[in-house]
Amino acid sequence: MTTLTESPAPQTPPVDHEALARRAAARNKRRVKSVIFHAVAVGATIVVLYPAAWMLFASMKPNSDIIGNTQLIPDVWTAEHYTTALSGIGGVSFWTFFNNSLLLAVLSVVGTVLSSTVAAYAFARIDFPGRGPLFAVMIGTLLLPFHVTIIPQYILFNNLGMVNTYYPLLLPKFLAAEAFFVFLMIQFIRGIPRSLDEAARIDGCGHGRIFFRIILPLMRPAIVTSSIFTFIWSWNDFLGPLLYLKDPALYTMPIALRQYVDQTSVSDYGAQMAMAVLALLPVMIFFVVFQRFLINGVATQGIKG
Amino acid sequence: MASIDPGAPVAVPGQPAPAQHLQRTDAETPLPSPRPAKRKYKREDIRSGYLFLSPWIIGFVGLTAFPMIASLYLAFTDYDLFTSPQWVGFDNFVDLFNDPRFIQSAQVTAGYVLLGTPIKLGAALAVAMLLNMKHRGQGAYRSIFYAPSLIGASVSIAIVWKAMFIDDGIVDRVQQAVGIDIGGWVGNPAFSLPMLILLGVWGFGAPMVIFLAGLKQIPAELYEAAECDGAGPVRKFWNITLPMLSPVLFFNLLLETIAAFQVFSSAYIISGGTGGPAGSTMFYTLYLYLRGFQDFQMGYASAMAWVLVSVIAVITVILFRSSKGWVHYTGDER
Amino acid sequence: MRITRKAAGAAAATAAVALVLTACSGGGDDSAEGGEEGGDVTLTVAWWGNDDRAARYEESIDLFEEANPGITVQTQFQDWENYWTARNTEAAGQSLPDVFQMDLSYLRQYGGTGQLADLSEYTGSTIDTSGFEEALLSSGTIEGAQYGIPTSQNTLALFYNQDVLDTIGVDPLEPGYTWDDFNAFIAEASEAGAGEDPAIYGSGDYTGTFWFFLQWYLQQGEQPFTEDGQLNFDEAAVTEFLNLASELREAGQLYPTERAVQLAPLGGFTSNEAAAEASWDNFLAGYISDAGTENIHMLPMPSGDNGPQQFWKPSMLLSSGANSEHPEEAAELISFLVNDPQVGEIFGTSKGVPAVAAQRDAMNVEEGSVDATVLEYEESVAADVTESAPLPVEGFGSIEAEWMRLAEELGYGNITVDEFVEQWFAFANDAVGQS
């Protein structure tokens, strides 16, 4: 637009049509990529989330419309199942189940991170006699189906007087009994260049400091991943609480969940759906909050020359 | 590696350590002592190693070893949970190889592993790479694709999944729209296993998250350097992504395979504990559970468990051996 | 290399483990807390059931604790399937609860292997048995030892859905109908309902339920199980029973197995796609709730030559773990739960019709309610109940499950009746009376 000024019109540089065209092409390419990305993502989302949506809607259908009914959207909407679910079971409130699950999950995360990181560091970075065989044994613990160990394990905990406490559920976490996480962290640590360790050694650091100052911070994606999985596995763990928790005041959500459908009495499928939805919310929130930390990956931190 | 302990004699790799404190006399001309075939472990390493490993060792010895050994012992017994186990030697093992339901369960599980694992890992990797591209809404999509892993573990998934696969369910309607007339998958013995495979694949969010974490660890400079050299997306994938991702890929492959062999709850929940229809979803571990807890034959179940352990162990060893060929650890492994 | 090292270690430890396990089977800790001298006793109680039953139990137990200030009760509950996983594990660890619900099909399994306390020293004294009918009380005994006290009773019934019958325009059966009449009814209903979408059938394959075979066998004048826990029937009997429905099977007039599998945990009857189904009479509440209609009525089972010849079965019992440290208090709690009229009022017929008359009378039975219908039914068939309940053998649970599995295979056409019989007997001969 023209303005009346004293100063002369500024010199505009000659228009570089080629550069403009290139930039436009790049922009279009990005747009096309973006469209494809979103199209694929949205398509996959619909496929992936259909069952979740079904569950959500089912929790709002009256009981007679849930089984055998293939319609997604309810004809009749009801909130009664949520009332039922929130009113607890056998005198124990919903929030008790919730808090128990939460407590166990948080403690499990703490225990797993503490114990798995140190064990993984030992396997991945320290050369000590017996490392190979012990590693094989650790992997070996993954191979055995749990159903044949639960009886001896129960006898063991029973003799230790730990039945009806949370100890049988938490002790394994604090003692790195989940080889899955130890192995996961081992793989991550092995991706960290040893040059960092060596540099620290030259500065006089022992294993302790190398672990705390160098490896641990760089392991953040692995730790975040492990935390997320531990939280979720603990939250959904059913068999452990079934066998070891006798007092309903100690029950966790998965146990309470199964209480609604019993083939020998009247089953309340809607209440089970509602409770399942309520049980999912915390884990979803946990995941949504913590997955951000996966963004801040290792990338180029600490790599010099 | 050079020792930094100033007191130790300087050891040069490949040559015998000089014994500076020994005086060679003329009378005895000892042959240079051969370098011990075993590595010399640094004391600090031995101490730290076991110190760092102590929680795991306590846990293993205290909590895991006894049940594992006990279950191995039980495999050679007749144990009905109520009375003392009776030793029967190899009878259980002989019985199982002659048991048609055992063989069927092995086939069902094998089918699940061979079909389900590659599909699940493929989907996980594809979606992880998709989400690794910087776009708005990444976090939201990540959560969306992870959600199934959470729901899939819930007992209510039985009703939900079946609702999708029965007559006139969403899958059936899509089928009909495309002209396929199979009817509902749920009651159909030929399609029940595929239905469970799909349920397994639907939970791809877990390996996807691990892949994502691994992808995030790949330094961006590598890609930039490759682009400068004119590499296209396929070359970047083959020469950068895959090798850099290989430790994580190995991890996922190994663990998903092991998990697939041990799948239990999806079949238990969806078939109501029957492995039906007509045994088509009788996974190995489900059959094991039924023999142990429903038929009170825990000895037989333990034998089944250890057969499974042996099979998975062999596969694990094969995978580990092969990993030397294609897995690349940036941390300068020995 | 490593594997043999592992094996060697395991072999060496085997001896130690064997010792440990045998020691553990001999004695172990009871998981119940308390039992301080002269003070509070804590009892552990377990039951299966849904949230509704949990509420009723909690209410009843509160009453017990009020009446017995020195006793605290710690409760636990699971649903039916997981209940037995938990109990089996506890049994292996010698830590069964002081009081827990028991099912007839497991009585011999648990009782015969020494897991349950023999309550006969308490019956008649701590446990008031005056309100029991002799036959019902003795159904909880094995060779003279009282392993469980029945809480309630039930018997078989044929349920039919009048709404469905109205839709297809078929009349219901009349009491006194025979197995042939039953078959004819199913055929008629399936034909009439063939045009509906989804198709309506008369019934599912009734030969697929083991208990119905037992009922039919009783009508042949024989007990299905011997005193010492063996099978008392042969292949010919099973073949004859299975062939009762073979015409219907061949004509495709039985509710299709595929559809039943699809609708599980519901079935054809509860989805209003089948007109009739036989089951235990106290399942009426579940049927009404699942089917969404109250227009469900009950008939006795099909008659043999001498009428239906039904039996009262304890729908559930209360047992005490042999490892209990407080058998006397456990017996008191059991007595309270089966006798106290207020408890009867709290439960109604949700566990079955109460065994003790005082509890039956105390129930608030409303006209036309589920409780009323079940009571009326039991009164109406009382004359037909002439047999005592067959006492399930050890391994009953698994032979029953095997029967169901083979029935499913039969329903899919994967096996013939002869193969069914052959396979089932091979399994049963192995499974029954193992110890």
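A residue is termed buried here if 20 or more other C-beta atoms lie within 10 Å of its own. The legends below refer to a predicted model.

**Figure 1. Burial and overall dimensions of chain C.** By that criterion, 52% of the 435 residues of chain C count as buried. The chain comprises 18 helices and 13 strands. Its radius of gyration is 24 Å, close to the 22 Å given by the globule rule for 435 residues, so chain C is as compact as a globular protein of that length. Along the principal axes, the C-alpha atoms of chain C fill a box of roughly 70 × 70 × 40 Å. Of the contacts in chain C with a separation of 6 or more, 73% are accounted for by residues 24 or more positions apart.

**Figure 2. The side of chain C that touches chain A.** Here 40 residues of chain C are in contact with 33 residues of chain A. The elements of chain C that supply two or more residues to this side are α1 (2–26), β1 (41–48), α2 (51–67), β2 (71–78), α3 (80–92) and α12 (284–291). The largest share, seven residues, comes from α2(C). Classified by side chain, this side of chain C has 13 nonpolar, 19 polar and eight charged residues.

**Figure 3. The contact between chains A and B.** Chain A contributes 87 residues and chain B contributes 85 residues to this contact. On the side of chain A that touches chain B, helix α1 (residues 17–58) of chain A gives the most, with 14 residues. That side of chain A has 62 nonpolar, 18 polar and seven charged residues.

**Figure 4. Packing of helices α4 and α8 in chain B.** The axes of helix α4 (residues 138–151) and helix α8 (residues 205–216) of chain B come within 8 Å and cross at roughly 135°. The two helices, α4(B) and α8(B), are therefore oblique to each other. From α4(B), the contact involves B:Phe145, B:Tyr146, B:Ala147, B:Pro148 and B:Ser149, and from α8(B) it involves B:Gly205, B:Ala206, B:Met208 and B:Val209. Seven of the residues in this contact are nonpolar, two are polar and none is charged.

**Figure 5. The largest nonpolar core and the surroundings of B:Phe211.** The largest nonpolar core has 305 residues. Those with the most contacts inside this core are A:Ala119, A:Val182, A:Met185, A:Ile189, B:Met208, B:Phe211 and C:Ile334. Leaving aside residues up to four places away in sequence, B:Phe211 touches B:Ala124, B:Leu125, B:Ala128, B:Leu245, B:Val248 and B:Asn252.

How values were computed:
Residues numbered from 1 in each chain as written. Chains lettered and ligands numbered in written order. Predicted model: local features only at pLDDT ≥ 70, side-chain atom pairs only at ≥ 80, totals over all residues. Core = buried A, V, L, I, M, F, W, Y, C linked by C-beta atoms within 7 Å. Buried ≥ 20, exposed ≤ 12 C-beta atoms within 10 Å, placed from the backbone. Contact = placed C-beta atoms within 7 Å. Helix = DSSP H or I, 4+ residues; strand = E, 2+ residues; numbered from the N terminus. Rg over C-alpha atoms; globule rule 2.2 N^0.38 Å. Nonpolar A, V, L, I, M, F, W, Y, C, P; charged D, E, K, R; others polar. Axes fitted to C-alpha atoms, helices over the stretch in contact; angles between N-to-C directions. Parallel < 35°, antiparallel > 145°, perpendicular 65-115°, else oblique.
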